[in-house]
Every structure is written in C-alpha cells, then in structure tokens.
Amino acid sequence: MVKQRTPPMEAYIRGARKPDPGGPEGDEHQLWRSVEELEGSGDVRRFSEAEFSEPASPESIDRRTLLNLMTASLALGGLSGCAVNRQPFGAPLLSQPHRSPQHIPGVPLMFATSLELDGLGRGVLVRSHDGRPVKIEGNPLHPASRGATDAFAQSEVLSLYDPDRSKVPMAGGTQRSWADVRQLIARLRQQFLANGGRGLHILLQPCASPTRDRLIRLAGQSFPEVSWHHYSPLSNDLGRAASQAVFGRPVDQVFDLTQADVIVTFGGDLFGAGAGHVRYAADYAARRRATNRPLPNLYAVETTPSLTGARADRRLNVAPREVESVARQVLSHIRQGTVQPSGPQSFAMAIASDLARAGPRALVVAGREQPAVVQAIAHVLNSELGAIGTAVRYIEPLSLDGNGHTQSLLALAEAMASGRVEALLILGGNPAYEAPADIDFADLLGRVPLSVHLGTYRDETGITCRWHVPARHALESWGDLRAFDGTVGLRQPATVPMVEATTPEELLAGIAGEATDGHGLVQGTWRAAWDADFEARWLKSLEDGVVEGSAAPAIPVQSARWSPSPAEPAPPVPRQTIVFAPDPSVWDGRFANNGWLQELPKPLTKQVWGNAALMAPATAAAFGLRTGDVALFTHDGRSLEAPVWSLPGHAPDAVTMTLGYGRTAAGSVGSLRGFDAYRLRTSRQPWVLENVTVIPTGRRDELITTQHHYWMEGRDIVRVVAPGETPKSSPKPRPSLYPDFIYDGNAWGMAIDLDLCLGCNSCVIACQAENNVPIVGPEEVARGREMHWLRIDRYYAGGTANPETYFQPLPCMHCEKAPCEIVCPVNATVHSSEGLNEMVYSRCVGTRTCSNNCPYKVRRFNWFNYSQRAFAAPDDVHNPAVTVRWRGVMEKCTYCVQRISAARIAARMENRPVRDGEVTTACQQACPTRAIVFGNINDPGSVVHQRREDPRHYALLGELNTQPRTTYLARISNALPARAAGGADDDTG
Amino acid sequence: MSRADYGVMGEFATADQLAEATRAARNAGYRRLDAFAPFPLRRVSHVLGCRTEIVPVIAATAAVVGGGLTYLAEYWMNAIDYPLNVGGRPLNSWPAFIPATISVSALWLAAAAFLTMLFQCRLPRLNHPVFAVPGFERASEDRFFLCVLADDPAYEARDITALMKRHGAVAITRMELGG
Amino acid sequence: MTTPVEAPTREVSRIPLSPDFGWGWTISLIASVLMVLVLAYAIGALVFVGVGVWGTNVPFVWGFDLTNYVWWIGLANGCSLFAAILVLRRHSLRTAINRFAEGLALFSVICAGIFPIFHLGRPWLFYWMFPYPATFQVWPQFRSPLTWDFWAIITHLIVTTMLWYVGLIPDLATLRDRARLPMAKRVFAVFALGWRSSLRHWDFHQRAYRLVAIAVIPLVLVIQSTVAFEFAVTLVPDWHETRLPLHFVVTGLESGLALILLAAAALRGSLRLERYIDDEDMNLIGKLLLANALVAGYVYAGEVGVMVFADRYTEASTINRITGDYAGLYWGAIALAVVVPQALWFRRIRLNNGLCVLIGLAVTAGIWLDRLSIVVAGVQRDYLPSMWRTYAPTPPEWYLFLGTVGLFAALFLLFVRYLPVISMSETRHDEHLEGSS
C-alpha cells in the first residue's frame, strides 16, 4: 500500500486492503483482484504519487467534470456541497477519474465499509466503477461477514440509486433550502441551551456506533435535560430482561458455533436473522465440515418454520406456549439429571440427554421473540452446561439504548400526550409506521410543536412530521459501526451523494455544537482513541474496513441460581396465537422500496411482492381456508384482514405474520403491498399475540409465488444420505453416441453442497446484482416470468405436519451435451472452448425452443423490454461488464463469464495459468456457508475437482446424460436414523 | 403486298374428325403439323410425333443435384466454414442434415418439371398467329383444330384445304405471320 | 350444334365470369376481411409491444403460436397429399376435388407461415434462419428441427402453388377465351401464359402435372414429420416419442380430409355444383374420412400403450395430459376427431351437405384441440416439479388465431369468386373418355 503522507482527499478513497495471505481467509485473495493489481503495478504507484503531490481542495474541483459525472451518475440534482456545513463531499466522484490515487479508468475500485442491520455492523466491500457503486461483497476481514453477505447487504446498492429517495428538506409540505435547515438547527440549539434541553426529545434508531455514542454524550454535556429515546421494532427487550434476571446486568452474547456439538434453538432464526447470522451460518457450515469431530446435532423448537429449523436435524414445531414448556422441561431434566440417553424419548428428553452429553460443547439459543423466561433458560442452560467460554461468550451491551425500546417509546408517547415535548428530533427510523398499534404515533406527532424527521425517504413519519430532512444513504456517508461481537468497522462513502443530504451524526453534531462534517466527526472519535498513531491506524482501518483488535472482550458473568417462576396457566379457551417476525425480504419495512428484495422469493414460501399469514395446513383446513383466502384476525378490538398461506411445517394453532408490508408511503415500488402486521402488534405483546380469533371472509387474494409444487414426486432430485452412507449411484460416465469434445485447458464447473445450503437467498440477489437481472414486477411474476438466473428450489419430504425441508440452488447446468443448443436454429447458444454454455444475445431471435429443451428450466426469456419498464432498476446500478438484455432474447446463468475473462486476462498478463479460486462467481462469493464452489474441473488440485470426487457427488437428472458441469453433493441427514428410532417425535407438533 | 404465309388451319367439330384429318395429313406427307384440342388426345399427339420422356429425366436429375447441393451446403456451413461445438454433437451430424435435404430436392424436382414444360411449350408467349384464326377461342372449350405450317416442304395450300374439307372441316383459314 | 363436351365448361366458367355474385358472398367476404383486420392488430401488438402480450411463460414458452401453426400445416398437408394422390391415380374424384383441394392446401400454408415468423421474440430477424453471408459470418444451425421446418415451409409453399397453378393454366386459357370484359380477358390471358391447347402443350402439361404431384407426396410426409420432430427431438418427456411423426401424419391427413369434405359439401350446396361434385364423390370422401378417423383412434390407443412401457417421466406427463388440468383438451380431441366421424358409417349422412359441413367442422376442431393438448399439456409435467405451472391464452392469442381463420376464409372466397372451382379441362377430358369408350 502507498504509505506516504496523504492529504485528506485520498483518505476518502481508500481501496480495500488485500488480507495478508494465510490470514483467516487466505483463500479469499481473489476478492479484489483489481486493487491487488493496482497495488502491484509500479506505474500505478507513480500515478498515485503524482496525484498525491496535488492537494485537492474545494477550490480545485473541476466543475465540468463534476457536472458531467453527476448528471451521468443520476439526474437528481443536488450538486452542491454537504448539508450542514459548507465543505464539499469528501467523496471519490469529485476526484475521479483524475484525482483518485488508485483509479485506472475501467478498473473498478473496492471500498471497505460497514452496513447497519439491527443497529449492528456488517463489513462489506463496495465495488465501484468510475465512482458508481454497482456491487457489494462481503469483507473477509470483518467478523460478521468473513467475505459473505446476506441478501439485504447485496441490495443496498439498489436502494442507493432509488429515485424515490427524499431529495429536498420539507417543512409543512413545502420545500425548504438547506440554509433553512441549518438555521433550524442553530435555532434549536440556542433555544434549548437556556434550559439545558428540557422539552427537547431525540428519538434514535439503536445503532452501535462509537461516534454516535460520543456525540450523544457530548450533547448530553451541554443539554443535560434532553430526553433520549431509542426505538427499533425488532429490538430484543425480552432478552435484556432475561439477562437482567439471570446475571443481574444487561449483556450481549456471542456464539461460537465451531465449538458446539449440540445446538438447541428455541425460536428465532440463528442462520436467517438477528445479529451475526451470516457468521453463525458460516461457523455452522465450518463445523459440519470439520473432519475431526462427528456431525453436530441441531435441534430446533419453533413455531414459525425458519432456515435454522429447515436445517435442523430434529425439529419440533409447536405453538409459543409449548416452546416455553419444552424449554422448562429441558431445564428441569438437566437440573434433576433425569436424562435417559436411550429408549423412546420425549423431544425435551432427547434434547436434554444430548445437551448433557455435550456439556461445554453444547449451545442453547433463544430467539428474540421468545418470552424472557425462555431466553433466561437459555442463559442458564449455557452456563450450567459450562458452555460459557467455549460455545458462548458474554460481552458488554453494544448499543447504549437504556432499558428497553418499547419502554423508551412508551415514555416518549406519554410525554407527547401530556404536551411536555416542545421539540422532537427523529433521527432515522419510521415510528409512525413501526410503532405498536396501541401507540398512535402519527396522531401524537400532531401535538408536538416542532417535529423533525431525518430519513432517506419521506416516509409515513416524514409526511407527518413538521420538518423532513433527507438523510444520506449508508454508501454515501461516514461513520463507524460495531459488529455483533463488538468489532468496529469504519464506514466511508463509496460515492458522492446522489442527493444533498445529511446524517444523524451530523445533525447531532449540529445540536452539540461540533460543527464539522461526518468525516471530521469519525476522525474526531478515533483521533481521541488513538491519538499518537492515529494517521497510520486510520488509513489501515479504512483499508481493512475493521479496526484491528476492537472485538469486545468477554466479561465474566456469575449466574445466581435462577429458577423460572412457575408457568402461568394456559388460557381456558384455546384460541389462535399470532407470532410476529421480521420479513425475509423487507425486514422491518425499511427495504420495502427495493425491487430486488420485493421480487426475491421468500426462502420457505417462495412468495414475492407481499406477505401472508402463515398457518399450518391442518389449522388452515380447520378454518376451511386455503392459501390465498383472506381471513379476519381480531384481538381485543383491533382487527386485520390478511390472506392466509398454508405452510407445511408451521406449528398448529398459531399464525405467523411478517412485519414490513402494508407501507403507505414507501415509494413507487413498496407502497400498498401486502398487509401491515404492526396494526395488531401491541407494546405489551410485541412478539406473541394470544387469544386471536380468525374469521374467514370468503374473499380471495391471489398470492404470487414462484414455486407451486413442493413435493419431489419420488424423483431423485435432492439426494439425501445418512452420515457415512454410501450413495446410491456414483456418477460414472454413461455411454454416449456423441464424440467427446476435449477441453484440455480450463474446464469450468460448479459443485453445490446441498448439505451446506441453508436457502438464505443471498446468492440469488448477488447474481441479480452482478448480472443486471431485471426486475419484472408482480404481474409478470404471477404469469411465471421472473428472470432470476439462479433460483433456489424448495422441496418437502414427509407429511405436511412437520416435513423435512430441502433447498436446492439451481443455476444453469452448463451441460456438455447441452440439449438447448442443438435446437437453436441460428447458433445463438453454443459451447465455448472452456465448456461454457454461452448465450449470444445479439444472435438470438427468440424462438424460445431452447427453453423447451432445457430439462432444468433455467433459461429466462425477455417477454418485454424489462430494463425499461416499470420496476426496472436505474441504469446506474447496472454492472458495466454485463450486457443489459433487450426484448425478445433468451438469457441465463453465464457462470459470471465476465469474471472468468477478467481472471484470464490477469493470468495472461502474468503469463501463468488461472489459479484455483481466482474466479469466484457472484453466487459463490456471497454464500455464507461456501456451499457453492466454482473452478476448473480439470485441475486435480481444485476444490471443485475434489468435490466431484466426493462420494456424495451426483448430477441432477444424470440419467438424461446431459453431462452437466454444475453438480451437487448430497445432503447428509442424521435425522434419518433418529426418526427411525423415536419416530413419534414428528407427530408431537 | 400480302404478308408472309404462316399456314392453313382447319376447324373440326369432333375429336374423331381431327384424328382422321391428322392421320390423313401425315400420310399425305406433311411433317410440320400442329393440332389443338380442349383436352389431351394421346393418339393424335402420337401421330404428330410428340415425345415428352425428357421431362422426368430432367426432373429426376434436378432432384438429385438439388438434394446433393443442399447437403453439401449444410456440411460446409456447419462443419467447414464455421465449425461450432453445438451441444457436443458431431460437426457433421448427417442424420440431422437429411430432412432439409429431402425438402429441397423435392422443391428442385417440382420446379424442374414446371420449367421444362414451359420451355418445351415455348411458353409464355402471349401473341401467336393461331389466335388470329376466327373461332379459335373454342379450341379451349369444345372445338378441334388442325394446322399445317407454311414452312412444310410439301406445303401446298390448296391441297391441304381440300384434304381438310374431305375430312369434314367446319371452317378453314389461312394464317399469316403477324396477322 | 352442341357436342356432349360443351356443357361443363359453360356452367363452371360462368361462375367466375358472372358480373355479380350475390349478397351472401359479399357479406361473408366483408366478415372475413374484418377478421383479417383483427389479424393485423394482433400482429401489430406482437411487433410493437412484444410477444409478452401472450400468456406464455417458462416452461410454457409456446402456446397458441405453435398450436395453430401445427394445426394449419396439418390441414395443408392433408389437402395436398389427398390431391396429389388423386392426380397420380387419375381417379375420377379428381375432377371434382383437386382444384379446390389444392387451393385449400395453399391457403392453409399461407396461414401456417404467419406463426413461425411472428411467434419469434424478434420477428423482424426471422430471415436469420436463411443461410446468407451475415455480418456475424455465422450460418444457421442445421441440426435444429426449426431449421428443417423453415425449409419445409418454404418448399411446401412453392410446390403447393405450382401444383395448383399447373392445373389451372388450361382453365385460365378457357376463361381468357370466354371472358367478355377486356380487363378480365387481359388478366386471364397473362396468367394463361399464352396457352394454345396445342396437343404438344397438353402432353408436356400432363407430364409436368404428374411430376409435381409426385414431388408433393414425399414432401408432405417429410414436412408433417418435421413438424412432429420439433417436439419429438426435444427432451420434454411427453414429446420425446418416435410415435409422434405417425401421430401428426395421421391426424394431419384426417384434418385435411375433413376440410375437403367441409368445402365440398359447402360448394355443391351453395354453387349448385351437384353435377360435378356428385353423390358418389361425397360418398367416397365420407368413407375416406371415416377410415382415417378409425386410424386416428388406433393412434390414440397406441399412445396409451406406449406410455405403459415408457420411463416414469413420460408416464407421469402423459397421464397428466390425459387426466390433469388440461385433460379436457385430450378428451375433446378424441370425441371430435374419432367419435363424431363414426356418424359417417351411414350413407344418408355422407350425402347430407349440412351434416357433412358440421362433421368437417367437428373434426378440424378436434384436431386443433389435439394440437393444443400436445403443445400445452405436454410440457406441464416435466422433470423438475419446482417448475410445474399452468398456462392460459390471452386475448391477443385468440385474435391472432381468429385472424388467420379470417385470412383463410377471405382467400377461399376470392378463389371461389374469380377462379374455376372445378377443373374444366379434366372434366372435359373425363367426359370425352367416357363418351369415346
């Protein structure tokens, strides 16, 4: 890396640093080939130094370049400098292509930064082409990512360019200038300096950010009377109560699944949602592949089918109350030592005996929606089994958000109601939409004399508040975020802001009186922390995306001999129970206007463009409801109409509603889709709502799904083997009438380990982002025209009560004897010299016969000009290395041929063969569990070659002898013998 | 100045009369004869010495040539000029090249037959002296005509007229070139 | 004086030469022209909006487009084959049937040709199927059944036109000689190519006519098989069967015969041509259609028989075609194309124009259902259950289909109006032979 003193401008565009080989993810060095070359080649360095010699300052900005780039970037206006202070954005676009030290035109730059979810950071690398971020990858140096991402992180780049983002400050429905905003902040500061801030309320979205914490403390010094509120609809208040009860103090917990032999989850979704789920998924996969220890046992006791439950070796699906009783039984079994390791067992007994056997290598996890007692039991079990220190460690709470968000919001509501709130700053979040139903936040806002909302969208809250101020997108702003384990990741802008906007930190600073921009604020925080060696550590941290050694240390906890209070009796009349959950596509509603996520088939239902009330088939049948029938859900006075989805594996007598839909002011994409489950959520029962009556309305609402049939019909599609079982048939080459074409160079192939795939969907979005896969909209998906190049098929085995759930990612198989090619009359799809099945878009006339002849049905046709229709992604987000397809041509997975050729070019320049792992497909790179592996099957040393040697290896529909290059590894299920033994378990549901 | 003589045309009411007249004319030594009828009359045209065996020969040859060319073209395009690995199939996938070959050879067969007919009949020719003969339009309907051309070595208009009268010609006309 | 051979040409040639043709014809022509306008609209929608206006999707990438194409080409092949056989057999039926049978074939090919072009995603590039030195320097891919089909359609169009035209030349000459209006006379004269009904002409004409007919017979068999190959060479379980070409030839010929029966009954009814299309002719066509329907029944039975021994995928998808969402199409096809023709066992029905029209309509409709059942229901249950979906046609698909029907009707009406529907020369010839023998 270039190491001499650099003016601030260069600091803004620190390319991500290549991890030192042999590092935690030594095999990941291919992630940023571009930067590697940049750093490698000397003339680049000279170029950089030449640039360094020219200090960039606001005066020296080439205005014309700026204008050109901005208009080319996105015609959204907002050309001038930062909102709160006059300084220009410290963003790369100003300095590119001329002033960037690392920039070679056409070669993308990687920026290490952090994205927030649940108030915690996930380290990512942003790939930026000429100042346009187009793709997000995981940051291998970041503990929450390890090089992988979730679907949300992948899709942030689309939100960045969202044309619906709020563009100008609004006050009372009229546009205001940024001068007005600055004046407003100054006035507020003056007004409240007098009384120390009494009457000033500030509502924040919880966010583990050292800089924000510093600013809050700073503001607290000059405004001791300010009341701070924190609210997030998904906060883990109950968990806080639990740790309070067990350890007498709030703590956060970090799991280490690589250490666990027996994992028990009560609700939640360890792999699909919550803090560090990407890392936990990766660790679990690593643990499964660990050769030195037997396969771990994963038990899931849950109401809503989750990714964790789908992967679990043994799963019990029961209504929330019974989840609690199972937890209590397990605890009592463990405490009384009444475990019988063999013979017919209740599920609780099976868990207890397994946990007891595992001891310190056991891990018990409770979801955030579980009552405090269950989460407390999890704590107790972990500590009494001795898992603390091995599989789980406790750390100081990461975000200072006082005692419980719901309490915090209730306090605010109470203050607003009583008129004590003179001014309310809402810095992020959307309380008017997310607040519990018993708090009419929008109405209360009306009573506040001065309310200011800061957000990237003028959403439900922004419309209600007196003032609305546009906020910067994460990819445009400075900041720092703590990951689930406390590790700090710096956030730097990867582009010049699309619109003139500001950040919560800058507003807080404005209040606190520290008048500098986001860059200065973050530097301020860390200059104080590092003082002496600030410069070096700052640059390194920017390059790494993480602050070295900032992980939170484990804190000692001593659990008083806590015992659960006796369970209160079940309600006399058994009614339905509603469980609320974040939505796998739009989370708490913040992603509602993101077309990629709206069109992303939810892992288990494969539903798109909306949500549904999930019920067990038996329960739905009891009410005479079929999928798509609208039912009326009523709970003391409040009622909500929602379409029902009969979901196999769901617990009986319970309903799951995912939050985040039914937005009214989300934008052109997200408004008025699905139903708003917040309307039933109360501050007393935020997660589990009991005594709900269900009344069929007789109306129907055709829900949109991409998979209608979920049985395998006894076909050998997803192959499942018991541990150590020899596979049915080894894929020995079948005889063929056709000559063998010799691929003596690279022969690209992909191997997907179905034992590792969790169905988390991040590969699907990664593929969409990398390959400019269009968004087609709900009507088109309903007609069966979704365009995803990579789909994840979901199959069930066993009855609908509590089936096994299998996921199977399906990209193009790149068959060597491709059936699609021979039927094309115009040679529009042919084989490459490296065995790729290639689509020649410009030659395709659109007979569609290739799709007819594809047994895997992975080809997608452009029925309309999708890249120009409604819902189409903005042009700026398109990957310049991939053609945007037009109307009337067929398309499909290319194995990310653009990445292959990039690697080939690099290898040629260095006059060497392409190394294994040098080519990563987008799906492979995003996959947390490394289920997808790509490489040269001719190279005996390649991972893909080794996987093809694995006894579990098989070709999908191999009997057709299409000789696919994409092959699968059978899923290992140690549930098979278990079911054979105590088969009664499955009926417990 | 009378225009150049083309021949003598006799009109008959029935096919039998035409047949008689034709045979008589042949016996009288006339060689440049032509007969017209609303439908084919094998025996008369046999007397006239009309031979058509050449047509099927030409058509068959055309079929073979057309088919051969088609196959060679397919082979050259897909295996020689621009060879591509299409679904791992052999470059010269001869079974797949057959259907188009058959279709096109049938096309050549039909086209050759049609064109040969036109050539042999010297068609299209919209203008012809016979059309000048009064009542000749009934040749396409219900009348039969015999014509002795003037370039016949034994041509003698008067004898011919007499011969035709003898065999019951309804009307006899002398045709002139460009008439 | 009149000879026995005078009458036929008179009556037949009176039809095209008569100044006015009655309001019935005019109204039907207007109706069919309106339908042609619908066709224009449907094609415009395809070209300017995109093939997405149809209900097609993945896996149902083909819907009405291929269904109607296969149906029309089947009609064409049926008519051509029948006409050609008659020519070669010198069968007496040919005087009555050939002319309009060849016409029906030609019009069907024209309608069929519309679909392969406009079902493309980018129809304006259809000529890429033709081997011309493109800028890509890449040639068509001759292993593809679609390429075979491209050549089949072109050949079919040209050869059918020739068969029809060669037969027409002498009659055009007759019309030229009988026409009163100078304009009509001139037009007929041009198309008659100066035919002089010289005996030389006649001999070469007979040769050429028979040779073209000989070319037609293998051609239609190959074409009908090629159409079947479009499905049979794919991996789709229900399509990938060697029996498919047989199925297409048999049902195609049946639909052609039904169309001929339909047209014959309609013509002799409306144009008072009983003398030329006499009871014996109708009787014979009826019997032929009945026989063909029985063969079709055998083919359907054979399909079930094949299924029993087929692999699990084929079995599943065939069973789905017979019992699944689209079972109605399959059973409708059997009812209309196999059961209904059994009525033709009775001579009275064979000679009843009205009933013959109805039976003809029923059989052609039945074959259409059969095509739809194959194209749509055939792909519904293929290998991966995750992609099992449904398809429903949209209005634009119906417009396109009805539009081609309108085009067919318009062409046929114009043909009936301006050309002799009965081969006059053949009739003269026959009656002469009968008279002389």
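Ala362(A), Val364(A) and Ala366(A) point one way from strand E12 of chain A, Leu363(A) and Val365(A) point the other way, and all of them are buried. Keep in mind that this is a predicted model.

**Strand E12 in chain A**
- E12(A) spans residues 362–366 and is mostly covered, with five of its five residues buried.
- E12(A) runs parallel to strand E9 (residues 262–266) of chain A, and five bridges join the two.
- Across from Val364(A) in E12(A) you'll find Val264(A).

**The sheet in chain B**
- Four strands make an open, antiparallel sheet in chain B, in the order E2-E3-E1-E4.
- Strands E2 (33–36) and E4 (171–176) of chain B sit at the edges with a single partner strand each, so one side of each has no neighbour in the sheet.
- On average, neighbouring strands here are turned by 20° against each other, ignoring direction.
- E2(B) is held to strand E3 (residues 144–149) of chain B by four bridges, and the two run antiparallel.
- Within that pairing, Leu33(B) has Val148(B) in E3(B) as its bridge partner.
- Helix H1 (residues 15–27) of chain B lies across E1 (5–12), E2 and E3 of chain B, at about 15° to E3(B).
- Helix H5 (residues 157–166) of chain B lies across E1, E3 and E4 of chain B, at about 10° to E1(B).

- Phe191(C) belongs to helix H6 (residues 182–192) of chain C.
- Phe191(C) is partly exposed, because its relative accessible area is 46%.

**Salt bridges**
- Over all chains, the count comes to 72 salt bridges.
- One of them pairs the side chains of Arg214(A) and Glu514(A), at 3.2 Å from N to O.
- Arg214(A) is in helix H8 (residues 210–222) of chain A and Glu514(A) is in the loop between helices H19 (504–512) and H20 (518–530) of chain A, so this pair ties together parts 300 residues apart in sequence.
- Arg311(A) and Asp755(A) also form a salt bridge, with their closest N and O atoms 3.1 Å apart, and both residues are buried.
- Arg311(A) and Asp755(A) are part of a salt-bridge network that also includes Arg288(A), Arg289(A), Asp753(A), Asp950(A) and Arg952(A).
- In chain C, the side chains of Arg371(C) and Asp370(C) meet in a salt bridge (2.9 Å, N to O), and both are buried.

Technical notes
Residues are numbered from 1 along each chain as its sequence is written. Chains are lettered from A and ligands numbered from 1 in the order in which they are written. This is a predicted model: local features need pLDDT of at least 70, side-chain atom pairs count only at pLDDT 80 or more; totals for chains, interfaces and linings use all residues. Side-chain values use heavy atoms; hydrogens and water are left out. Two strands pair if DSSP finds at least two bridges between them. Axes are lines fitted to C-alpha atoms, for helices over the stretch in contact, and angles run from 0 to 180 degrees between N-to-C directions. Contact means heavy atoms within 4.5 Å. Buried means under 20% relative accessible area, exposed over 50%, partly exposed in between (1.4 Å probe, protein chains only). A salt bridge is a side-chain nitrogen of Lys or Arg within 4 Å of a carboxyl oxygen of Asp or Glu.
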